[in-house]
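The following dialogue is written for a reader who meets this structure for the first time.

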Amino acid sequence: MIDSFSVFWATPPADINATLCWSVVGLMIGSFLNVAIYRIPIMMQRESENYLALENDQPPTHTERYNLITPRSACTSCAHKLSLADNIPLLSFALLKARCRYCKASVSWRYPTVELITAALSALVIWCLGSAIAGLSALIFLWLLIVMSFIDLDTQLLPDELTLPLMWLGLLINLDGTFVPLRDAVIGAAAGYVFLWSVYWMFFAVTGKEGIGYGDFKLLAALGAWMGWMMLPLIVLLSSVVGGTVGLLMIALKRHHRDSPIPFGPFLATAGLLALLIGQPIINTWLAPF
């Protein structure tokens, strides 16, 4: 098992060239993640509608191919197919002044934001973990978390198509103890799911309301599979503190009604990434007095 929990002020395992290289790769990956964030909910809806149609002995509602590759990217306002020049990360957005080349409709700032976040965090992961198996697998971990976070913000859904592969990938990565021993990873996956499942039913029994989604159970299970059961208390604590703080600020600023649900997935994802990169130093500092 390697010591993958690096701290920012320690000597990093990756050199600056590798870090810069992966930041550029992160920009390009971020462009693709934008496609995934936009299309995966549509793919899920189409699949559901086709299933319901077949259940009612009707022909499928959607027969054309629609996935992460096909059809080619198009403007969401005028449906004009975008050229390669329209899809250069950051640069196209800046040169076109945040507008579609063809219909002049405004382009959401979400696109460059996701690209910048992906580039910056990809560089951070490589800087902290290096570009061997731990760093490269952590990049996949990061990219899936980014997609899930933004989908949850948009739809309040965490798709099984993302949470379950993330969990299985965590178990496979830890077959040789990349981050934690396999035993800890398996227990972490089970404990992560059972913990939030229990919280859900206790909250429901007391209030009669659903306080958390099933996708959150699976996401915490995936985080447990990557980092083991011992990191789960830190992840739950960090996500709860950040989520509670953000929720109170939004209510105070009248950006959110207190009865409206707030997606918990982005807070779990943020806590999971922090735990992967600096979780062990945090725990060591936390437990130092004891």
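Predicted model: local features only at pLDDT ≥ 70, side-chain atom pairs only at ≥ 80, totals over all residues.

Q: What does Ser137 touch, and what does its side chain reach?
A: Contact means heavy atoms within 4.5 Å. When residues up to four places away in sequence are set aside, Ser137 touches Ile173, Phe179 and Trp226. The side chain of Ser137 also reaches the backbone oxygen of Ile133 at 2.7 Å. A polar contact is a pair of N or O atoms within 3.5 Å; within protein, one must be able to donate a hydrogen and the other to accept it, and residues adjacent in sequence count only if both atoms are side-chain atoms.

Q: What makes the pair of Lys218 and Asp160 a salt bridge?
A: A salt bridge is a side-chain nitrogen of Lys or Arg within 4 Å of a carboxyl oxygen of Asp or Glu. The closest N and O atoms of Lys218 and Asp160 are 2.7 Å apart, and the pair forms a salt bridge. Lys218 lies in helix H7 and Asp160 in helix H5, so the pair ties together parts that are 58 residues apart in sequence. Lys218, at 18% relative accessibility, counts as buried, whereas Asp160, at 34%, is partly exposed.

Q: How many salt bridges does a search of the whole structure find?
A: The search finds four salt bridges. One of them joins the side chains of Glu64 and Arg46, at 2.7 Å from N to O. Glu64 is in the loop between H1 and helix H2 (91-95) and Arg46 is in helix H1, 18 residues apart. Arg101 also forms a salt bridge with Asp86, the closest N and O atoms being 2.7 Å apart. Arg101 lies in the loop between H2 and H3, and Asp86 in the loop between H1 and H2.

Q: How do the two partners Arg101 and Asp86 stand in accessibility?
A: Arg101 counts as partly exposed at 37% relative accessibility, while Asp86 is buried at 11%.

Q: What makes a set of residues a nonpolar core, and how many residues has the largest one?
A: A nonpolar core is a set of buried Ala, Val, Leu, Ile, Met, Phe, Trp, Tyr and Cys residues joined through side-chain atoms within 4.5 Å. The largest one has 61 residues, and those with the most contacts inside it are Phe141, Leu166, Met227 and Ile235. H4 gives the most to this core, with 13 residues. Among the residues that Phe141 touches are Leu166, Met227 and Leu276.

Q: What makes up the nonpolar surface patch?
A: Patches are made of residues with over 30% relative accessible area and no salt bridge: like charges are joined within 9 Å, and nonpolar side chains (Val, Leu, Ile, Met, Phe, Trp, Tyr) within 5 Å. Val194, Trp197, Trp201, Phe204 and Tyr214 make a patch of about 470 Å²; accessible areas come from the Shrake-Rupley method with a 1.4 Å probe, and for residues only the protein chains shown count as cover. Helix H6 (residues 182-207) gives the most to the patch, with four residues. Phe204 is found in helix H6 and is partly exposed, with a relative accessible area of 33%.

Q: Which peptide bond is cis, and which residue has a phi near 65°?
A: The bond from Thr70 to Pro71 is cis, with omega near 0°, and Pro71 is placed in the loop between H1 and H2. Lys104, a residue other than glycine, has a positive phi near 65°. At 53% relative accessibility, Lys104 counts as exposed.

How values were computed. Residues numbered from 1 in each chain as written. Heavy atoms only, no water. Helix = DSSP H or I, 4+ residues; strand = E, 2+ residues; numbered from the N terminus. Buried < 20%, exposed > 50% of the residue type's maximum accessible area, 1.4 Å probe, protein only.
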